[in-house]
Amino acid sequence: MGLFDKKFCDFCGDKIGLLGNRKLEDGNMCKNCASKLSPWFSERRHSTKSDIQAQLDYREKNREQVAAFHATKTLGKRTKLLIDEDARKFMVTSASDIQSANPDVLDYSQALGCDLDIQEDRDEIKQENADGTSVSYNPPRYEYSYSFRVTIRVKNPYFDDMSFDLSDGYITTGESPMTPAVQNDGWNVHKSGSSDGYDPDKYYECVKIGNEIKKAIEGMAGSAPVEENKEPSAQPAPTGEKVNCPSCGAATFPDQNGCCEYCGSKL
């Protein structure tokens, strides 16, 4: 086949435009179908058509869970952790219309932990000498800025973590480095060197929100699953056969108790 031969999406059958192809390991996908994949998924180019079809099926089933989701707690700024404490489920999204966005709904049992990271940058503040040349102070002076990132580690068949910017860019705090204030709160600090603005209150706000998110996720990871009053299936699913979980939608191999390996629900 030639380089410019017409290509068709292996999922919806539509013709793919010149710049609209999303390559798979063994096929092609249009950008409209690609937009239906999880926003946390990053292995498309190394996935087969059957891998992608399984995820599309999972994502379609996820819409039912989004419709049933009722947030009882919201943590975050632009991107938020939404928690349904009654159903013991959570999602991470920046969308205002979650039904359209279809964010992945996960069970508490799929939460593994939470990592908090601060990137510290600094700009040197200089002074002008008598001939107009910019020179360093003695000792040198710096203006510090910080960005905050949260990474929620999860057990999901299509992604391992959900990582997002908490501070929405850099927060500049002036000439005092803020690192010591957070080292006992579980944050990892990565130093380097640039910045803008001045707002230490936003810094402390991000520290507070980040610690709240970490506490919530670690609470989920350490909690025991609640037994639901469900009619037991006549026979547990065989451990060697992959099935679709009715709770989280994942294609899973049942464990020895006939439960989903991702969310722990009975199959």
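## A walk through the fold

Of the chain's 267 residues, 39% count as buried, where buried means under 20% relative accessible area, exposed means over 50%, and partly exposed covers what lies in between (1.4 Å probe, protein chains only). Before going further, note that this is a predicted model, with local features needing pLDDT of at least 70, side-chain atom pairs counting only at pLDDT 80 or more, and totals for chains, interfaces and linings using all residues. Residues are numbered from 1 along each chain as its sequence is written, and side-chain values use heavy atoms, with hydrogens and water left out.

The chain has 4 helices and 15 strands; these are DSSP runs numbered from the N terminus, with helices being H or I of at least four residues and strands being E of at least two. Its exposed surface comes to about 15200 Å², and carbon and sulfur atoms supply 46% of that (Shrake-Rupley method, 1.4 Å probe; for residues, only the protein chains shown count as cover).

Let's start with the strands around S10. S9 and S10 run antiparallel and are joined by 17 bridges; two strands pair if DSSP finds at least two bridges between them. Within that pairing, Asp123 has Glu143 in S10 as its bridge partner. The S9–S10 hairpin has 5 residues between the strands, and Gly132 takes a positive phi near 85 degrees there. S10 also runs antiparallel to S11 (residues 161-165), with 5 bridges, and a hairpin of 6 residues joins the two. Strand S12 (residues 171-174) is another antiparallel partner of S10, through 3 bridges, and Tyr146 stands opposite Ile171 there.

A salt bridge here is a side-chain nitrogen of Lys or Arg within 4 Å of a carboxyl oxygen of Asp or Glu. Asp115 sits in S9 (residues 111-128) and Arg153 in S10 (residues 134-154), so the pair ties together parts that are 38 residues apart in sequence. Asp115 counts as partly exposed at 28% relative accessibility, and Arg153 does too, at 32%.

In total, the structure holds 10 salt bridges. Another of them links Asp104 and Arg59, whose closest N and O atoms are 3.4 Å apart. Asp104 lies in the loop between helix H3 (98-101) and strand S8 (106-107), while Arg59 belongs to helix H2 (residues 49-68), so this pair ties together parts that are 45 residues apart in sequence. Both Asp104 and Arg59 are buried.

Now for helix H4 (residues 200-221), where Lys208 and Glu212 lie 4 residues apart, about one turn of the helix. Their side chains meet in a salt bridge (2.7 Å, N to O). Lys208 is exposed, with a relative accessible area of 52%, whereas Glu212 is partly exposed at 29%. The buried residues of H4 include Tyr203, Val207, Ile213 and Ile217.

Two of these bring us to the largest nonpolar core, which has 46 residues; Ile213 and Ile217 are among those that touch the most other members, along with Met29, Leu81, Phe90, Phe148 and Ile152. H4 gives the most to this core, with 8 residues. (A nonpolar core is a set of buried Ala, Val, Leu, Ile, Met, Phe, Trp, Tyr and Cys residues joined through side-chain atoms within 4.5 Å.) A second, separate core of 5 residues includes Val66, Phe69, Leu82 and Met91.
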